[in-house]
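Q: Please take a close look at the aromatic ring pairs in this structure. How are the rings arranged, and where in the chain do they sit?

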Amino acid sequence: MSEKIALIGAGAMGGAIGTRLLETGNTLNVFDLDQEKVAALVAKGAVAAASAAEASQGVDFVITSLNASRIVELAAFGADGIADGASEGTVIIDMSSIEPDATRKFAAMAAERGLAWVDSPLSGGAPKALIGELTLMAGGAAADVERAHLALRHVASNYTHMGPSGAGQTTKLINQVLCGIGFLAVAEATQLALDAGVKAEKIPQALKGGRADSALLQEYLPRFATKDYRRTGRIDNMVKDLNAVNDLARQTGTSMPMTAICAEIHRMLTAAGLGGEDEAAVMEFFKGAKEEIAG
């Protein structure tokens with residue numbers, strides 16, 4: 001069964017989500033300030049909208065895929081935003097990665113306007129979105145989360161209701177702790193393999209099924225080994241998420257020393273001009289360390 005959906009934000013992640021929704025037979029309105037990104041989805045069957053409000057007219061679901069809470073708020077509640085165009089009962093599904101506190105605020109603002117809000121951040125990136133195998137962690141009222149699944153089932157193979165508004169975003173922060181540290185661990189191991197003369201390309205198969213195995217190892221070790229930096233995500237987005245993790249940890253009084261180190265390395269890479277690069281570019285950190293030692 002197809003759904004009527006609006007997509008606000010057609011970047012690397014939003015574009016992949018939009019592509020999958022179109023390929024699975026859904027009707028899609030799309031709005032983004034970048035007209036080239038909109039045009040790419042229009043070429044696949046989407047309908048371009050002049051504003052978030054226009055995109056949200058006549059649909060049952062509005063998906064947002066944006067970079068920061070201030071942008072989400074502007075797109076949802078600003079002039080010509082989603083709330084200006086959506087009908088009462090429309091479900092807004094925020095697939096952005098933003099702070100749990102901001103999510104709870106937006107959910108309350110949506111409710112005042114007769115709209116439902118589900119926070120449903122993701123794991124798996126654009127590659128998994130394109131094949132409908134995202135992992136989604138959802139927050140919101142149970143009935144709204146269940147309704148949202150009518151749209152999200154097209155892009156996700158794992159969809160879990162984690163609790164009330166903000167619970168999905170909190171779970172995503174936990175995901176980013178594991179991913180951020182995991183990226184660095186796999187990159188560090190890759191560099192050691194290269195320096196020690198082991199055939200790095202054989203390591204994923206050699207460790208498959210063992211305790212060290214992971215999706216990150218299988219996908220990223222070959223990319224780290226060959227410096228394959230094609231973009232499926234951004235280092236500066238990881239910085240944003242790890243900053244939010246640190247804020248949450250201060251609120252909860254949780255000590256997170258490894259996360260602090262991980263965040264600092266990602267900030268260093270961003271300061272070096274690599275913020276827009278994929279996580280695969282963390283290999284440049286180890287390259288820099290080797291050059292300092294050699295010097």
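**Aromatic pairs around Y220**

A: In this predicted model, the count of aromatic pairs comes to six. One of them joins F183 and Y220: the ring centres lie 4.8 Å apart and the planes meet at 80°, so this pair is edge-to-face, the cut-off for that class being over 60 degrees.

Y220 and F224 are four residues apart in helix 11, so about one helical turn separates them. Y220 has a relative accessibility of 5% and therefore counts as buried, the limit being under 20%. F224 is buried as well, with a relative accessible area of 0%.

K227 lies in the loop between helix 11 (215–226) and helix 12 (235–252). With 37% relative accessibility, K227 counts as partly exposed. Its phi is positive, about 55°, although K227 is not a glycine. Most residues other than glycine have a negative phi.

Elsewhere, ring pairs link F77, F106 and W117 into a cluster.

Notes: Residues numbered from 1 in each chain as written. Predicted model: local features only at pLDDT ≥ 70, side-chain atom pairs only at ≥ 80, totals over all residues. Heavy atoms only, no water. Helix = DSSP H or I, 4+ residues; strand = E, 2+ residues; numbered from the N terminus. Buried < 20%, exposed > 50% of the residue type's maximum accessible area, 1.4 Å probe, protein only. Phe/Tyr/Trp six-rings, centres within 6.5 Å; stacked < 30°, edge-to-face > 60°.
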